[in-house]
Amino acid sequence: MKQITDLLNNSYDFWNMQKYLTEMFECIPNNQELFNKKFILLHINCHTHNEEQYYFPAEIAALEFNLLNGVSRTYHQIIGLSKIYPRGFAGGMRQFSDEFHQISCWHEHPDDYQNILMEFTNFIKDGTNHADLQEGKLDLPYLYTVESDICTNMMITKSSLERLYSTAFPNVDAEHLKAIFKIGSIERLLLEIKKKLNLHLDQRNLRSGMSVHDILESEMYGQGLGCMYHEIRDIAFKCSKARILQWMSNICIHINTYTGLQLVPGKHIAVQLRDGSRMIVENEDLPLSKQDLKLEIN
């Protein structure tokens with residue numbers, strides 16, 4: 001019964017998301033406004049036990065960007081579960097983490113859940129305070145992630161954030177939590193951008209070529225773009241931060257192919273460093289020269 005209820009709830013959420021995207025893009029008057037419009041991308045690696053449908057964030061990465069300027073700011077946090085993970089789930093959760101992100105539920109990581117939630121929601125919407133979180137009085141913007149991937153999807157992403165919230169603030173009503181985090185499809189976001197730019201590409205004529213998901217995943221990002229935890233283990237490609245930088249960059253590259261969008265190295269796309277790694281400047285207020293970035297100058 002719970003699985004049926006969850007399916008219906010998520011179908012309703014998905015319909016609302018599509019309606020929101022359609023109406024939002026209808027209100028964007030021209031390409032200049034579209035290029036300046038900011039969006040937030042999200043990827044979460046979870047402490048996961050699929051059989052029990054247990055999902056808790058192990059790593060959260062979020063990124064704000066627009067088409068004109070690329071990245072404006074990022075958020076990243078690894079989250080521990082060692083003190084509270086369900087002991088009967090440990091084997092399955094360890095197997096999942098070993099395969100997908102290597103953040104074990106047994107290891108010590110930051111676990112001040114109230115502070116983590118405060119920092120994350122403040123990144124999403126500046127000005128969020130402790131009272132807002134305690135009372136569940138939040139009106140957050142949409143966060144865009146992949147509809148479905150080998151280790152995550154929109155439902156898992158939403159479920160994990162709701163579990164983090166209920167763990168940090170257990171007195172907030174569970175049903176009320178379901179309205180707080182609005183998770184959007186990054187695939188649908190890209191389709192709406194393309195439609196607004198009159199690129200005339202939709203799911204029907206994508207069948208003979210690259211799908212929207214293929215476009216998002218077309219350039220795999222690794223060394224230099226992951227967090228320190230994944231970098232030192234040489235698995236940056238498994239990092240949530242590397243994934244959102246990958247999606248943002250691939251969106252901008254794809255739109256550049258069909259429009260006059262100017263790509264700025266280090267903002268829209270990664271720059272190559274002398275040690276062979278790559279980097280994107282994650283703060284729009286941090287202008288860097290080629291010398292600062294230690295780039296090869298031809």
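This is a predicted model: local features need pLDDT of at least 70, side-chain atom pairs count only at pLDDT 80 or more; totals for chains, interfaces and linings use all residues.

**Exercise 1. Determine which residues of helices H4 and H6 meet, and how the two helices are oriented.**

Solution. 
- Step 1. From H4, the residues Tyr113, Gln114, Leu117 and Phe120 are in contact with Leu161, Leu164, Tyr165, Thr167 and Ala168 of H6.
- Step 2. Two packed helices are described by the angle between their axes and the distance between the axes.
- Step 3. For H4 (residues 113-124) and H6 (residues 154-168), the axes come within 8 Å and cross at roughly 130 degrees.
- Step 4. The crossing in which H4 passes H6 is left-handed.

**Exercise 2. Identify the residues that touch the most other members of the largest nonpolar core, and state which element gives the most to this core.**

Solution. 
- Step 1. The core has 85 residues, of which Leu41, Leu67, Phe120 and Tyr165 touch the most other members.
- Step 2. Strand E2 gives the most to this core, with nine residues.

**Exercise 3. Describe how helices H8 and H12 are oriented and which residues make their contact.**

Solution. 
- Step 1. The axes of H8 (residues 186-196) and H12 (residues 240-258) come within 11 Å, crossing at roughly 20 degrees.
- Step 2. Angles under 35 degrees count as roughly parallel; H8 and H12 are therefore roughly parallel to each other.
- Step 3. H8 passes H12 in a right-handed crossing.
- Step 4. H8 contributes Ile186, Leu190, Ile193 and Lys194 to the contact, and H12 contributes Trp247, Ile251, His254 and Ile255.

**Exercise 4. Explain why the buried residues of helix H3 line one face, and state what they pack against.**

Solution. 
- Step 1. Within H3 (residues 90-100), the buried residues are Ala90, Met93, Phe96, Ser97 and Phe100.
- Step 2. Viewed down the axis of H3, these residues fall within an arc of 130 degrees, so they line one face of the helix.
- Step 3. An α-helix has 3.6 residues a turn, so residues three or four places apart point the same way.
- Step 4. The face turned away from the buried side of H3 carries the exposed residues Gly91 and Gln95.
- Step 5. The buried residues of H3 pack against strands E1 (39-49) and E2 (54-66).
- Step 6. Just after H3, Gln102 adopts a positive phi of about 60 degrees.

Definitions and conventions. Residues are numbered from 1 along each chain as its sequence is written. Side-chain values use heavy atoms; hydrogens and water are left out. Buried means under 20% relative accessible area, exposed over 50%, partly exposed in between (1.4 Å probe, protein chains only). Helices (H or I, at least four residues) and strands (E, at least two) are DSSP runs, numbered from the N terminus. The arc is that of the directions from the helix axis to the C-beta atoms. Contact means heavy atoms within 4.5 Å. A nonpolar core is a set of buried Ala, Val, Leu, Ile, Met, Phe, Trp, Tyr and Cys residues joined through side-chain atoms within 4.5 Å. Axes are lines fitted to C-alpha atoms, for helices over the stretch in contact, and angles run from 0 to 180 degrees between N-to-C directions. A crossing is left-handed if the near helix is turned anticlockwise from the far one by less than a right angle, and right-handed if clockwise. Angles under 35 degrees count as roughly parallel, over 145 as roughly antiparallel, 65 to 115 as roughly perpendicular and the rest as oblique.
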